[in-house]
Structure formats: C-alpha cells, structure tokens
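This briefing is for a reader new to the structure.

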Amino acid sequence: MKKLITLSLITIPLLLQAEVTLDAIEVNADEQNTTEYSNTEVLYQKEGYMKAAPMQKQITSKQALEIAGTNGDPLKALKTFAGVASTNNDDGSEIYIHGSKPRETRFTINHLPVGYLFHMDGLHSVIAPEMTGQIDAYLGGFDVTYGAMGAVVDISPKYPTGSGKGHVHIGMYNADFAYDAKLGENTNFFISARRSYFDLIADKIMDELDKDDDDPRKKTTFTLFPQFYDAQMILSHQMGDNVFSLEMLAMNDKLKIHDTFNIEKDPVAVGKVNVDIKSNTIGARWVNIGEDRTSTTLAYRMLTSSKVSLFDADFYGDEVYKEYGLYHETVWNKEGHTLSLGGEIKRTDAPIKIRSTGIDTTDFGDPTTLKEVITLDKTFKVKEYIAFAQDIWHITDNDHLRYGLRAWKTDFQAFGSGLDPRVAFVHDFDDNLSVSVAVGQYSQHPNTFTVVDGFGNPKIDTQESAKHYTLSVQKTFEDRSSLVVEPFYKTFKNLAIADDLNNYEAVGKGNAYGLDITYTKKVDDINLMLAYSYVHAKRQLNTNNTKQYRFEGDIPHTLQLSANYKLNENWRVSGYAKYSSGAPYTPIVGTSTYSYKGKEYYRPIYGKPYSKRLDANYDLDIQVGYTTGNWEYALELMNVNALFKTNTSGIKYNDKYEEDGSYEQMGFLPSLHMTYRF
C-alpha cells in the first residue's frame, strides 16, 4: 500500500510533466491489411507496419486475456514482451522499454489522446477489455507516423458491428458491462462502463495502512480508499465507402489518505494527501476507403482535470488541460509502394496553479522540509503543427525498404521546428528467415516543469532526442516454433538535467544497448513463450560532471516464461513466471543535522548515485478459466511467489537514516472473475 502514498506524493510533479506540448497522437488502423492469427483472431497491420521489421510486437485482446496475471485487462500483457521491464512486480509499477523512461513511451488509442492510461491503483487500464481489439508495441526503430523518443504502444479499439451482444462482469475489485447494439441498417453503437467497489468495503476491512508500534503518532490511514470509474462509447455509421464514427473515453480516480510517518524525518511532508483526477476525450472520425487509397480524418477534444492537495503545509496542484486537434492521413497502395502522407494541427490551453517544492529527478534529493516552496499560476497556450511522409517500397519479392520524414513546428517558447528522418530495410532469405535493420532519429519536448519559471529553466529551447539502431533476425522452424533475436543501441542527447545555477539545462547525454530474444512454440493445445532481455542503460544526471550513471530503469536481466493450455472446450489454464534484476538505488552513507522550528532533525547524505541494487525479483502468476454456456469464470492467483519469498521495493530507514529492513512489494493477490455473455 505504500505505493499509493508514493504515487500521491509525486502527483504534483506529474501535473507539470503533463506535456502541454504533447507530440501528435499518430495511429491509423488500416483494416484492409490483416494477418490471420487463428480461426477467430485477426491482427491488423497499420499503415507503417512492415513485416519482419525490428522491434514490432503484436497481440490480440483475446490472446492477451489468456495470459496469467493480466487480471482481466489485456493491456497488462505488455509485461510479457521481451524488452519491456518494470522496477518491481507491483501492479502499479511503471514500465521501462530499452532504457527509456516511462514518459518517453507514447501510448495511443487510434489517434485519440488519452489523459492517462492506468488507474492509480494500477490494477486496470482505463480502456474496457471489450473495447480493446489488439495491442501493438513498437520498442524501437518505429516509423514516422509516431512521435516519441523511446517507444510506442498503440491500442486498436474494437468498432461496433451491431451484433446485439454484450456482457456483465463481476470481479473481486470492480464490475463492468458492455453492449454492442444495432441502431439502424448501417448504424451501430457500443457502450461500456466500469466502477471499482473495493472502496465500499475497504473501511470495514482495513483503515490503517501502516503504523509504528513504538510511536503511535506514526501511521497512515485512508479517509477515501482509491476508487475509479471509466466509460467508453463508439457510435458508427457507414455510407458506401465512408465510415463515420463518434468516439468517447472518460475516466475518474480519487484517493484520500492521512500520513504522519515522516513526522520525525521530514516534518513538512505530513498530513493529508487528496487526489482527484478525471479526463474525457471525444472524437469525430471519417474514414474513406477507395480502390487503392484509404483516408482518415479525425477531429478531437481532450479535457483533463487534476486536483491535488498535499500535507498540512497546503501544497496543492490545480490543473485543467484542454487539447484540440485535427488529424488527417491518406495511404496509397500502388505498384509495389505504400505511400503515407499526413499531418496534425493541435492547440492546447492549460491553466495551472501549483504551490509545491522543487521537483527531484533522482532518488537522492533533500527532504521536503529543506526545499524552497514555489508557486506557479500560469496558463499555457500552445499551437503545434506536424507533418509526415513515408513510403514502403517493395523493391523485390525479398527486399523491402521503409523511409520517411517527420517534421514539427511549435510556438511553445523558443522550441521552433525540427525534422526526424527514419529508415528500415528487410531482406527475406526465404519464407522462414528474415533479417532487418532500422535507423532513425526520435525526439520529444522535455518535461514541461523543466522549462517553466520557478521549477525549471525557461531558456531551454531544444528538444530531447535519441537515435535508434536496431537489428532483427527472425526464423520460423518446421516444428511450429519461431525464434526472434533483436539487438539494439540507442543514444540520447539534449536531455534536460539538473543544474545548480539554472535548475535545468538541456545538455545531458546517455545511451542504452541490449538484446531481446523471444522463442515461441506450439505443441498441440499448448502455447509456450520464452523471452529474455538484456539492457545496459546510463544517463548523465547533473551538469557538474559528464559522467553517466545507471538510473532506476536500468534492469539488466529479465527472463520470463509464459504458457497456456486448453484442456478441452470448457477448461484452460495458464502460467507466467518471471525473473528480473532488482532496481538500482542510491545508498545513504551518513547523516548531517538541520533545525526546523527550533527542533533538530537528521538529513541524509547519499553515496554514489544508483551504486547499489535491490534483490532480484521473482513473479509467478496462475490463471484457471472455465466456460459453460453463457458463463465464463476465471481465477487469477497473482504473485504466488510471495507466499514463499517476498520481493523488496525499497530500503527502509529509521528516523536517523539507519537501515531498518525493507519495504515489501505487493503480496499474494487472488482475483475471481465471473462474466455473463448475452
């Protein structure tokens, strides 16, 4: 439960990181290009997809839900991809892809921007499983239709078919329903909604999260247990070769706690923590399908509201973020070429009021009590223009080239304009062996808080950028197995890093290299996947020296095994096991003292940044599914390993900053799902 407190404490920084200059949300589901996955599943190949190109991962929603540990949410299957790492096994843990920080991975939902993708408890995404069609993860070397510096995760929704089918789902922590209705001969409607209800009974089960038996003043209690809501709606109408749709996403998360655990360490960081975050996105889409051309136009508006209050010191954050956009893309298929041309115009209005301390970019900053209190009351108004052009050239039956440019221009401060070239090449030795390579430049704006008055340096006028070098060897064997080996190398520059004089300067450098290996095999009704990832990632932390250090996302080794077995028409069972290196952290090597309101407190002295590493993580999840008639049942046993060995999430220190044990990750968590389909 400590993760809920930590999440709340960093919410104000997250508001400032909310990217008032977000890059374009670029996804296009070209449903004319499909790959048959099984008798009932189809994978859509997007406009920039090129078979056997490096770092492309695809999974259908149905397949994802059969992976153990997903807890009824297909997006949780992301953790099974080689190259995707997390700092621990907690459901709220952020993901790190190839040494990139979480904010450097762009999540998209078929062009529509989303305020946030996971509810604050991390158990579920904000997208209903019934609305999720497939998940595409581009871990590096992706094409120009996407704007991000590290990786892209693209979610394709299921559009309504007027089937008249729906479902009601009841789980241990939430309930939801979904329905696909036919409103006319060519008009269909989909609606779904979900609400968590653990908050309705939590106060009967648990009031105190944590307490100190030696000091009754130190405890953490809920005043409002985490609760969330979300809803989705799609209305579609077809007229000949034209498809029109109205699409909506909405979500809301709330949390209130009272924390006094830091009363002898950090006396200002004590008291209330109240969080209320909500977001909704609405879009109107027009798709025109011609004989050799597909055209997509999308107009949208996203509104995100965040209200946070922290501690008895009355730190607060109050943000309303409005984004308006018009997106267009046309794809032509002619004579061995797939040509894409598109662009987007965006406007952002973001009034932000914040009273908080300065924000740490590392895990070795001063206590809150010693930091300067900063107030920000400003409305950001930003316009951004994006254009991209790309061609996939099928040179021969065995040689394929993808090349393109992505250009952008913004009036945000002095960032100006930029151009990112990208290229990929695939050679098929035969139907069962392909080798490919991709090279490109990728960029995005720094976190907003690094470039605004008070918190950051408003003179920063350059994007952070990365160069990707990726290679892929893909082999299919006669025994229904396949092997994919993908080394990568990424360099980072112009990173906004800490500076003693100007708060931040965009001069930081870094690099990441590693290897992903994925082996899959099908034996009768058993599907097996073995994945291994190695990554070495370092970044410059401060302008005081040019040395690069590993950071919290440097997880060198991740080994995972996923298996599912269909016993018969009614029963199936699946398991997921993972080993990963522990997250690095900065040790405390001593203390000094400081005075606050006439009382003396200890202040930590940190050693070499990220020079120690937590113990390795182990994860074991089991899922058993049973289907009979219209009913589906699934029993999830997550973090089964916690019954035998707990994983650590951090080092615990007493009031004098002496090591006093460790914080444990989330323990064994069972979950039962009952779904009635009609």
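Ile 59 is in contact (heavy atoms within 4.5 Å) with Leu 43, Ala 64, Ile 67, Ala 77, Phe 81, Gln 134 and Ile 135, leaving aside neighbours within four places in sequence. The model is predicted: local features need pLDDT of at least 70, side-chain atom pairs count only at pLDDT 80 or more, and totals for chains, interfaces and linings use all residues. Residues are numbered from 1 along each chain as its sequence is written, and side-chain values use heavy atoms, with hydrogens and water left out.

**Nonpolar cores**
- A nonpolar core is a set of buried Ala, Val, Leu, Ile, Met, Phe, Trp, Tyr and Cys residues joined through side-chain atoms within 4.5 Å; buried means under 20% relative accessible area (1.4 Å probe, protein chains only).
- The largest nonpolar core has 57 residues, and those touching the most other members are Ile 59, Ile 109, Leu 117, Val 126, Ile 127, Met 131 and Val 275.
- Ile 352, Phe 380, Phe 412 and Phe 455 are among the 22 residues of a second, separate core.

**Aromatic rings**
- There are 19 aromatic pairs in the structure, counted for rings of Phe, Tyr and Trp (its six-membered ring) with centres within 6.5 Å; planes under 30 degrees apart count as stacked, over 60 as edge-to-face and the rest as tilted.
- Phe 449 and Tyr 504 are edge-to-face because their planes are at 75°, with ring centres 5.6 Å apart.
- Both Phe 449 and Tyr 504 are buried.
- One aromatic cluster consists of Tyr 179, Trp 571, Tyr 626, Trp 631, Tyr 633, Tyr 676 and Phe 678.

Conventions. Buried means under 20% relative accessible area, exposed over 50%, partly exposed in between (1.4 Å probe, protein chains only).
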